[in-house]
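Below is a short briefing on one protein model. It covers the fold, the surface and one surface patch.

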Amino acid sequence: MKTPAAPEIKAVTVDPKTTALIMGDLVNQSCAKRPRCLAALPAMKKLLGEARAAKVAVIYSLPPGTATADIITDVAPAADEPSVQSGVDKFFKTNLEQILKDKGIQTVIVVGTSAEGLVNYTGGGAALRGLNVVVPVDGMASVEAFAEQYVAWHMTHAPIISPKVTLTRTGMIKF
């Protein structure tokens, strides 16, 4: 079997008024124990700061059995930033879709751990709901690099989902 070519990475400009940054599952119980997630934290922290400065809506997600207090301090939520709690698809049995609708969101930037769970399912779910999805490859972490590569490929090749996805890097996003 031949490995496919890496998907194209593109610069992207988003409208802060209609964009949300989803900070996914960055809790001590998982991210802090994964070297690839810890390595991605500086890029996610920088993106979070830029998003907040541009007044982009920031929404956190939590895996089951955790609380916002478990989020790694460097990327912890501000008091007014909402969170949802669910398994890999953060739309499942949460009010994430309503939060996005209430804020007039048309584009989501999805970062976090694990790539093959949260990024794949929540990003895919957002695309299936008609939202544009921005996936920074340096902002999605997994236990293994292969999972990150797979998600990058999947998000840019999956039927219905791929036309709504832009693969980028955190430093290539302009607000």
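This is a predicted model: local features need pLDDT of at least 70, side-chain atom pairs count only at pLDDT 80 or more; totals for chains, interfaces and linings use all residues.

Residues are numbered from 1 along each chain as its sequence is written, and side-chain values use heavy atoms, with hydrogens and water left out.

**Fold**
- The protein has four helices and nine strands, in the order β-β-α-β-β-α-β-α-β-β-α-β-β from the N terminus (DSSP runs numbered from the N terminus: helices H or I, at least four residues; strands E, at least two).
- Of the contacts with a separation of 6 or more, 76% come from residues 24 or more positions apart (contact: heavy atoms within 4.5 Å).

**Dimensions and burial**
- The C-alpha trace spans about 50 × 35 × 30 Å along its principal axes.
- Of the 175 residues, 49% count as buried (under 20% relative accessible area; exposed is over 50%, partly exposed in between, with a 1.4 Å probe and protein chains only).

**Surface patch**
- Phe 146, Tyr 150 and Trp 153 form a nonpolar surface patch with about 320 Å² of accessible area together.
- Patch residues have over 30% relative accessible area and no salt bridge; like charges are joined within 9 Å, nonpolar side chains (Val, Leu, Ile, Met, Phe, Trp, Tyr) within 5 Å.
- A salt bridge is a side-chain nitrogen of Lys or Arg within 4 Å of a carboxyl oxygen of Asp or Glu.
- Phe 146 lies in helix α4, residues 145-155, and is exposed, with a relative accessible area of 59%.

Notes: Accessible areas come from the Shrake-Rupley method with a 1.4 Å probe; for residues, only the protein chains shown count as cover.
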